[in-house]
Amino acid sequence: MTETGCVVVGGGPAGMVLGLLLARAGVRVTVLEKHADFLRDFRGDTVHSSTLTLLDELGLGERFAKLHARFVDQITVLLDAGAVPFQLRGLPGPHKHIAMVPQWDFLELLARDAEREPSFTLLRNAEVTGLLTDGGRVVGVRYRDRSPDGQGDHAPGGPPDGHAPDDQGDHAPGTERELRAPLTVACDGRDSTVRSAAGARTREFGVPMDVWWFRLPRKDSDPVGAFARFSRGHVAVMLDRGDYWQCAYLIRKGSDSRLRAAGIGALRGEFAGLVPWVGDRVDTVTSWDEVKLLNVSLNRLRRWSTDGLLFIGDAAHAMSPVGGVGINLAVADAVAAARILAEPLRSGRVGPDMLRRVQRRRWWPTALVQGFQRLAHRFVLGRTLTEGPADRPAPRRLPLPVRVLQRFPVLGTIPAYLVAIGPLPEHAPDWARRPPTS
């Protein structure tokens with residue numbers, strides 16, 4: 001059995017940002033990542049304006065810029081009756097755009113900087129299997145060490161060819177180990193193992209859709225930016241990734257198996273009809289193996305903590321893909337948690353009241369964003385997906401709210417702000433800030 005000052009379960013955006021910040025505060029922190037590397041495809045790959053500002057504050061902005069991110073400063077909604085652009089150029093602050101970069105590159109950037117801190121440890125191939133408790137208090141975790149030598153894998157990984165390989169060794173037997181800590185933070189996503197082990201239950205909000213993700217080649221003559229395409233019975237989102245389009249095609253909740261039975265040709269035909277200018281390349285999607293299902297959920301815990309245990313990010317609140325704000329909120333949770341908990345962790349006094357402060361800080365922006373997502377589900381996406389193309393003729397005029405936005409473009413900065421910055425952006429504490437490094 002080993003000990004650390006804080007154990008962070010999950011090496012996603014929330015876990016890596018929290019680990020980095022606590023290490024900069026001098027807290028002994030160990031991040032447990034169950035995979036050998038960060039190479040998982042079709043994850044949220046957007047880094048929003050407030051997170052870009054945070055990276056500047058941490059001294060990582062120049063290094064992030066070298067990751068060949070694709071910057072988007074306009075999001076266009078394409079309706080049958082016309083197009084509506086939402087400009088990000090009017091956002092406050094230095095970053096009037098959203099960056100799109102493979103998440104493994106973003107996480108490796110954070111990991112490599114954190115590993116410069118003597119109090120930071122990243123254990124890869126470390127799958128948490130349960131919690132350690134003492135008198136009702138969580139005092140650490142049990143995990144399965146699946147590293148080749150059974151001694152933990154500290155080596156950084158990276159994409160060898162720019163593409164994510166299939167995960168390897170995820171189900172290999174390993175050495176059972178224990179890691180004790182005054183605080184355990186669950187950052188292990190919407191299917192949190194820690195949450196299940198703790199018996200914590202989420203409040204579920206119904207969602208009308210799931211999402212198919214796939215790629216299509218991008219041509220230099222294609223439009224630039226991000227697009228959301230709405231038509232009767234169909235919704236698609238296309239994200240400009242430079243040499244390819246990352247495509248999201250929304251389907252009605254629970255319809256994945258039935259629709260796949262119709263064959264891959266049905267998807268190609270429907271998508272080509274929805275977005276005609278990619279019709280010449282939909283045949284590049286040759287099998288269902290290239291189409292990944294995102295089982296959409298929207299929920300949050302009523303209590304984000306118990307004695308010795310804190311939940312943040314998707315482990316505390318799974319977000320809908322509407323707006324692509326999940327990473328933004330997870331990172332903000334991590335920054336708030338680090339600011340509130342760094343000093344108590346250094347002094348060894350992390351009581352339940354300190355953990356509740358994190359929830360009080362982050363609950364209302366989470367609930368607000370989820371409220372907007374629920375409205376979008378009910379009044380936009382749900383209605384669109386249940387309308388057949390022949391239900392009634394396409395409207396000749398844009399909806400009234402859209403016409404108002406066209407007439408008064410400044411109003412478009414409101415949804416742009418909520419998406420790109422969020423209702424409560426978090427900034428790096430003074431003790432975590434560093435000058436730029438290249």
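These legends describe close-up views of one predicted model. Local features need pLDDT of at least 70, side-chain atom pairs count only at pLDDT 80 or more, and totals for chains, interfaces and linings use all residues. Residues are numbered from 1 along each chain as its sequence is written, and side-chain values use heavy atoms, with hydrogens and water left out.

**View 1. An open sheet of 7 strands.** The strand order is S7-S6-S16-S17-S18-S15-S19, with mixed pairing. Strands (E, at least two residues) and helices (H or I, at least four) are DSSP runs, numbered from the N terminus. Two strands pair if DSSP finds at least two bridges between them. Strand S7 (82-87) and strand S19 (292-294) stand at the edges; each has a single partner strand, so one side of each is left without a neighbour in the sheet. On average, neighbouring strands of this sheet are turned by 20° against each other, direction ignored.

**View 2. Strands S17 and S18, with helix H7 across them.** S17 (residues 234-240) and S18 (residues 244-252) run antiparallel, joined by 5 bridges. Leu239 has Gln246 in S18 as its bridge partner. Helix H7 (residues 264-274) also lies across strand S15 (209-217) and strand S16 (226-231). H7 runs at about 80° to S17. Axes are lines fitted to C-alpha atoms, for helices over the stretch in contact, and angles run from 0 to 180 degrees between N-to-C directions.

**View 3. Helices H1 and H4.** The axes of H1 (residues 13-24) and H4 (residues 103-114) come within 9 Å and cross at roughly 15°. The two helices are therefore roughly parallel to each other (angles under 35 degrees). Contact means heavy atoms within 4.5 Å. H1 contributes Pro13, Met16, Val17, Leu20 and Arg24. Among the H4 residues in the contact are Phe106, Leu107 and Leu110. By class, the contact has 9 nonpolar, 1 polar and 2 charged residues.

**View 4. Strand S20 beside strand S14.** S14 (residues 202-205) and S20 run antiparallel, and 4 bridges join them. Glu204 has Asn299 in S20 as its bridge partner. From S20 (residues 298-301), Leu298 and Arg300 point one way, and Asn299 and Leu301 the other way. All are buried, meaning under 20% relative accessible area (1.4 Å probe, protein chains only).

**View 5. Cys6 and the residues it touches.** Cys6 lies in strand S2 (residues 6-9). Cys6 counts as buried, at 0% relative accessibility. Not counting residues up to four places away in sequence, Cys6 touches residues including Leu22, Val29, Leu183 and Leu345. Cys6 and Leu345 are 339 residues apart along the chain, yet their C-alpha atoms are separated by 7.7 Å.

Conventions. Angles under 35 degrees count as roughly parallel, over 145 as roughly antiparallel, 65 to 115 as roughly perpendicular and the rest as oblique. Ala, Val, Leu, Ile, Met, Phe, Trp, Tyr, Cys and Pro count as nonpolar, Asp, Glu, Lys and Arg as charged, and the others, Gly among them, as polar. Buried means under 20% relative accessible area, exposed over 50%, partly exposed in between (1.4 Å probe, protein chains only).
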